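Hi everyone, thanks for coming. Let's take a friendly walk through a structure that may be new to you.

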Amino acid sequence: MENEKRKGNRGRLLGLIPALLLAVLAAGLLLTPKREPDGEHGDRTAEAAAPYLVEEESFFSDYEVVDDHVYFLCRLTVRNPSETPLPVKISGDFSADAMSGLILGQGLPALRLNGGTGADFLALDATEQETIVRDRSRLPFLLQPGDNAFWVVFSGLHGEASVKQDRLLPKIHFSPLVDVTPEAVSAAMDCRIFKDPDECDAFLLDGEELFALGFGFGGYGFTSAVPFEYGFNEVPDLLFTYSWGSGMHRSHLALFDRTTKEEQELYVYYPSGGGEDLLVELDPDGYPAIVYTADVTVNGEGFTDLRFTKREKAGEVIFVLSEDEALSGPRFFPDEDFHGLSDMPEGIPAPTLPPDAPEREGFGCEVEFGGETGWFQGETAEKLFRICRGAMELGELILPPSIPAWESSPPLRLAFRVIPSSGAPEDTDFFSYAGTFLVYRGFDDDFALFSPNPYASINAWYRFPAGTYDALMEVLTELGEDTETLPLP
């Protein structure tokens, strides 16, 4: 009887085996990641968080050769499977067109055409097209969760051929930026900081908008950030550091105002030893922000994982409140033992403090030429200022040029400032400067070294339009009653 029961149990177990095998097989199918059909744009897993192209809703539209450029227009639909916005770089593989001689490059970056269609872009003239390509060349795409549809243009230098390869969309590549948001920032504000591991460019994602942070060429790019919650703004601002340079390393301390969406430089440090950077941290009590110097080490191949070794305290960032609300704002106060202002690189003239202010109040310009100095006000000072500011807007920010290549004419130094009225607050003097220009006359173009005020170590080189130097000289030779005598050629 017992044997019969065992046989019956064994029979029932054997009968369950096929059902168990089917259940295991079904579970395996459910757990196996679903794969999209392989195609020209590669394969992916449905559970991956990487963005991908929705091919059935994307297409190549047209192309056009304009002067020395070729423009390829496409309509892309890109799916972001994650639940958060994601900044990415998009590029296209145009190696077939490079081999045929239509273009000189192979991998071309995609640039978003905000508003309008591809046909609207082709309807623009060559100058407008080049402006769009130049202004958007480093901006990533911000992909919202789900599907994102937009027009893009791929731009490449024209080769010798004029016919595109007979194929539709090129192979599309996506390069997501890396989230490098410090804990102090993510804990205090609804913002994220992303960094390009290849180009060093950094961007602040504030709400649904992307904003560039600093500059990322030749240095480490974005390095550190803390929230700055003092002032008149309803939301905390972002105090951050970044470095860049080509042959001359420099590290910047800056503030991004989240209300005005503008970036303000607070300090620029030129380390005498090369790669020493500024690092900003919060005081244990939350205020003020402490700035240190630090050695930077790159972990891995990219610039998104940095390690800092502190060296010394450089100073503090404090919000200064003045009687005139417009003059209030964050300021960097260096420690007495920190001599960053005097560590100017060799060959770059340090800003010169002007002599004692003239008795006459108001806007004016101190001009120095050939060792002689004069003070100009009224219409003459305003003309000089308009020429310099106009040349800056029309000019180009450049790396330091080669001084021996310039003509032997001595430079013009023009220091613009407002002489405050008697009885004004002492800190008004700091904010009274409108900039100092050291203008050189060149062979083809003119050049200028610009500094916002003599208390800051920040300097920027500009290529000015040809004739700027001569235009300034012409104004100075037409002296009026509101000017002083200055020996000019």
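Let me start with a question: in which loop is Lys261 found? It sits in the loop between strand E15 (250–257) and strand E16 (262–269). Please keep in mind that this is a predicted model. Lys261 has a phi near 60°, a positive value in a residue other than glycine. Most residues other than glycine have a negative phi. Lys261 is also partly exposed, with a relative accessible area of 31%.

Cys200 is another case: its phi is positive, about 75°, although it is not a glycine. You'll find Cys200 in the loop between strand E10 (191–195) and strand E11 (202–206). Is Cys200 buried or exposed? Cys200 counts as buried, because its relative accessibility is 3% and the cut-off for buried is under 20%.

Now let's step back to the whole chain. It has seven helices and 27 strands. Of its 489 residues, 42% are buried. The chain exposes about 25800 Å², and carbon and sulfur atoms supply 51% of that area.

Last stop, the surface. Phe215, Phe217 and Leu399 make a nonpolar patch of about 260 Å². Phe217 lies in the loop between strand E12 (209–213) and strand E13 (221–228), and Phe217 is partly exposed, at 43% relative accessible area.

Key: Residues numbered from 1 in each chain as written. Predicted model: local features only at pLDDT ≥ 70, side-chain atom pairs only at ≥ 80, totals over all residues. Heavy atoms only, no water. Patch = residues over 30% accessible without salt bridge, like charges linked within 9 Å, V, L, I, M, F, W, Y side chains within 5 Å. Areas by Shrake-Rupley, 256 points an atom, 1.4 Å probe, with all protein chains shown as cover. Salt bridge = Lys/Arg side-chain N within 4 Å of Asp/Glu carboxyl O. Helix = DSSP H or I, 4+ residues; strand = E, 2+ residues; numbered from the N terminus. Buried < 20%, exposed > 50% of the residue type's maximum accessible area, 1.4 Å probe, protein only.
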